[in-house]
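Colleague: I would like to go through this model site by site. Can we start with the charged contacts?

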Amino acid sequence: MDTDQIILNTKSFVQDKLKNAEGGHDWFHILRVYNNALHILKSEEADALIVQLSSLLHDIADSKFHDGDESIGPRVAQNFLESQSVKPNIIDHVINIIKNVSYKGGHNTSSFHSVELDIVQDADRLDAIGAIGIARTFNFGGFKNNPIYDPDVPPKSNQSKKEYKKSNSPTINHFYEKLLLLKDKINTKSALKIAEKRHAFMEDYLEQFYAEWDGHL
Ligand code: ADP
Ligand code: NI
C-alpha cells in the first residue's frame with residue numbers, strides 16, 4: 001500500500017473512533033495537531049510518515065477516558081498499523097511516540113527520544129495553549145463538572161501523576177498547573193515562535209478574567 005493511502009486510511013479510522021469523544025479530544029483536535037505537526041516538520045529533518053501517523057494516532061484511546069488504562073491507546077494503534085502492513089520498525093517508533101507524547105503533570109520518565117517525538121509533542125502542546133487551549137480547558141472542566149474558578153482554592157504545584165489526573169480543582173487552576181508551563185517545554189524553534197504568541201494571549205486573558213471577576217467594569 002502506498003504512503004498516501006495509509007494516511008487516508010488512518011484519518012478515516014481515527015475520525016470514526018473519536019466520533020463520540022469529548023470536545024477537546026475529538027477529531028478536530030487531532031486534525032489541528034496533525035496540521036501543527038506538518039508546519040513544524042517543514043523546519044526539521046524528520047521522517048514525515050512517522051510524524052503524520054503518530055500525530056493522527058496520538059489520542060486514539062486516551063487513558064483519561066479509559067479508567068486510567070495507558071495500554072489501550074498503543075495497542076489499538078499497533079493493531080491498526082499492522083492491518084495496514086506498515087513496516088515493523090515504523091510501527092515501533094510510532095508506538096513509542098504515542099506512549100511518550102502525553103504531559104501527565106510533567107511525570108514522564110521514559111528515556112525514549114526522537115526528533116519525530118519532539119515534533120508531535122510540540123504540535124499537541126500548541127493545541128493546549130492560546131485561544132483553542134482556553135476553550136478546550138473550559139470544555140474539559142465542564143465535562144468533569146468542575147468549578148470555573150474559586151479564589152479560595154490555590155493552584156497546586158508538584159502534583160503526583162495520580163493527583164494531576166484525577167484533579168477536580170477549579171479550571172482556572174489548570175492554567176497554572178499546566179497551560180502556562182508549556183511554553184518552556186517546547187522542543188522546536190518553529191513551535192516556540194507560535195507558543196510565545198499563544199502564551200501572551202493567555203496572560204492577557206487571565207488579566208481580563210480577574211478584572212471582570214473583581215467587578216472592574
Ligand atoms: P495530555 O493529553 O497531553 O496528557 P492532559 O491530559 O493534561 O494532556 O490534557 C489535555 C488537555 O485537556 C489540556 O490541555 C486541557 O485543555 C484539558 N485538561 C486536562 N486536564 C484538565 C483539568 N484538570 N482541567 C481542565 N482541563 C484539563
Ligand atoms: Ni492530544
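Modeller: First the term: a salt bridge is a side-chain nitrogen of Lys or Arg within 4 Å of a carboxyl oxygen of Asp or Glu. This is a predicted model, where local features need pLDDT of at least 70, side-chain atom pairs count only at pLDDT 80 or more, and totals for chains, interfaces and linings use all residues. Residues are numbered from 1 along each chain as its sequence is written, chains are lettered from A and ligands numbered from 1 in the order in which they are written, and side-chain values use heavy atoms, with hydrogens and water left out.

Colleague: How many salt bridges does the structure hold?

Modeller: Lys-19 and Asp-16 form one of them, at 2.8 Å from N to O. Asp-127 and Arg-32 form another. The total is four.

Colleague: Is Lys-19 buried or exposed?

Modeller: Buried means under 20% relative accessible area, exposed over 50%, and partly exposed in between (1.4 Å probe, protein chains only). Asp-16, the partner of Lys-19, has 46% and is partly exposed. Lys-19 has a relative accessible area of 58%, so this residue is exposed.

Colleague: How many residues apart in sequence are the parts that Asp-127 and Arg-32 tie together?

Modeller: The closest N and O atoms of this salt bridge are 2.7 Å apart. Asp-127 lies in the loop between helix H6 (115-126) and helix H7 (130-143), and Arg-32 in helix H2 (residues 27-41), so the pair ties together parts that are 95 residues apart. Helices are DSSP runs (H or I, at least four residues), numbered from the N terminus.

Colleague: Which residues are linked with Asp-127 in a network of salt bridges?

Modeller: Asp-127 is buried at 2% relative accessible area, while Arg-32 is partly exposed at 25%. Asp-127 also meets Arg-136 in a salt bridge of 3.8 Å, N to O, and both of these residues are buried. The network links Asp-127 with Arg-32 and Arg-136.

Colleague: Which residues are the protein donors of the nickel ion (ligand 2)?

Modeller: Donors are N, O and S atoms within 2.8 Å of the metal (3.2 Å for Na, K and Ca); water is not among the atoms, so sites may look incomplete. Along the chain the spacing is H-x28-H-D-x64-D. His-58 is buried at 5%, and Asp-59 is buried at 10%. At 2.1 to 2.3 Å, the donors are His-29 (NE2), His-58 (NE2), Asp-59 (OD) and Asp-124 (OD).

Colleague: What is the geometry of the nickel ion (ligand 2) site?

Modeller: Four donors count as tetrahedral if all angles lie between 85 and 135 degrees; four count as square planar and six as octahedral if opposite donors are over 155 degrees apart and all others between 65 and 115; anything else is irregular. Here the angles among the four donor atoms run from 84 to 173°. The site is irregular.

Colleague: How much of ligand 1 does the protein bury?

Modeller: A polar side-chain atom of Ser-102 lies 2.3 Å from an oxygen atom of ligand 1. For Thr-137 the side-chain N or O distance to a ligand 1 oxygen is 2.8 Å, and for Lys-178 it is 2.9 Å. Taken alone, ligand 1 exposes 540 Å² (Shrake-Rupley method, 1.4 Å probe). The protein buries 93% of that.

Terms used:
Helix = DSSP H or I, 4+ residues; strand = E, 2+ residues; numbered from the N terminus. Polar contact = N/O pair within 3.5 Å; in protein donor to acceptor, adjacent residues only side chain to side chain.
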